[in-house]
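User: I would like to learn how to read domains and helix packing in a model. Can we go through one together?
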Amino acid sequence: MTTEAVSSGTRAQIPAPVQKDYYYWLRSFAAGGVAGCCAKSTIAPLDRVKILLQAQNPHYKHLGVLATLKAVPKKEGFLGLYKGNGAMMIRIFPYGAIQFMAFDNYKKFLNTKLGISGHIHRLMAGSMAGMTAVIFTYPLDVIRARLAFQVTGEHRYTGIRNAFQTIYLKEGGISGFYRGLTPTIIGMAPYAGFSFFTFGTLKTLGLTRFPELLGKPSLDNPDVLVLKTHVNLMCGGVAGAIAQTISYPLDVARRRMQLGSSLPDFDKCCSLTKTLKHVYTQYGVKKGLYRGLSLNYIRCIPSQAVAFTTYEFMKQVLHLN
């Protein structure tokens, strides 16, 4: 019995028919989309609170994570915790689909075409996949952030369609949907890179050094070993925590730039360097650049755990191993 890593590496060197390759891409796309939706659905309330805290919403900026989680339902009702989640689901399926599918294909490209293998090709493929997914889905992320930042009684947008129209007409057309793209891409490169790198490395180490303890036969191919579910969850969680710590200040800058005119100090957040400097000067490191990080650990660890675990499961169901 072989590990999945060995099996995948062997198969990558064998050219597949075009039709088979097309269906493989399609199944990989579907698996990534389902994984993304499952992951984000589990942490939607925490995502809303993170945006409120990161951007210093005047109604909640004096509160901590737990206090905000309690205050939002009281002020806006229970569904207030899921505000903006409709736009998130519309965005996250193609985002997750593109990211996971791109990772698999970038990894094969780096290995077979450029001769890059080992740990470095996971880091590079993950970074490239994350940036690719961001570029394709960024406008939906902006819409979702704007809707999530609103507080009941002070709505600027009535829904996804109205937000699209308003931003397009009042914030410079198409360019209005790409505010904060630069810090997002810069932040996504290390986040996605270290996330895929850490998970892949832990997965390979687990299956090669402790196959009997941590591995089990794949559902679609008994000759291939995959990680047990609880081990997958643990590896995904560790990957998320490490990646988030490295890239969090850039995530804060991205959110403030995305929110644009929704913020009273938006004129000071027109570029990545100016936004980081303003946040640091105004709020410092702990209460500015890393504000909401504790919440992000609470949300990113289960999110990444569920995402990687679901994707690994979908790979077995859709015969991608």
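Predicted model: local features only at pLDDT ≥ 70, side-chain atom pairs only at ≥ 80, totals over all residues.

User: Which residues does the domain assignment give to domain 1 and domain 2?

Analyst: Domain 1 takes 24-178 + 291-320, and domain 2 takes 188-284. Across the boundary, 46 residues of domain 1 are in contact with 41 residues of domain 2.

User: How do I read a helix crossing? At what angle do helix 6 and helix 10 pack?

Analyst: Angles of 65 to 115 degrees count as roughly perpendicular. Helix 6 (residues 119-149) packs against helix 10 at about 80 degrees, with the axes 9 Å apart. Helix 6 is therefore roughly perpendicular to helix 10. Helix 6 contributes Tyr138, Asp141, Val142, Arg144, Ala145, Arg146 and Phe149 to the contact, and helix 10 contributes Arg254, Arg255, Gln258 and Leu259. By class, that contact has 5 nonpolar, 1 polar and 5 charged residues.

User: How do helix 10 and helix 11 cross?

Analyst: The axes of helix 10 (residues 229-259) and helix 11 (residues 272-283) come within 9 Å and cross at roughly 105 degrees. This pair is therefore roughly perpendicular as well. On helix 10, the contact residues include Pro249, Leu250 and Met257; on helix 11, they include Leu272, His278 and Tyr283. The classes here are 9 nonpolar, 2 polar and 1 charged.

User: Where is the kink in helix 8?

Analyst: The kink lies at Met188, shortly before Pro190, and is about 30 degrees. End to end, helix 8 (residues 181-209) reaches 41 Å between its first and last C-alpha, close to the 42 Å expected. Helix 8 has 29 residues.

Conventions: Residues numbered from 1 in each chain as written. Heavy atoms only, no water. Axes fitted to C-alpha atoms, helices over the stretch in contact; angles between N-to-C directions. Helix = DSSP H or I, 4+ residues; strand = E, 2+ residues; numbered from the N terminus. Parallel < 35°, antiparallel > 145°, perpendicular 65-115°, else oblique. Contact = heavy atoms within 4.5 Å. Nonpolar A, V, L, I, M, F, W, Y, C, P; charged D, E, K, R; others polar. Expected span 1.5 Å × (residues − 1). Bend = angle between axes of the 7 residues up to and from the residue. Domains from an automatic or database assignment.
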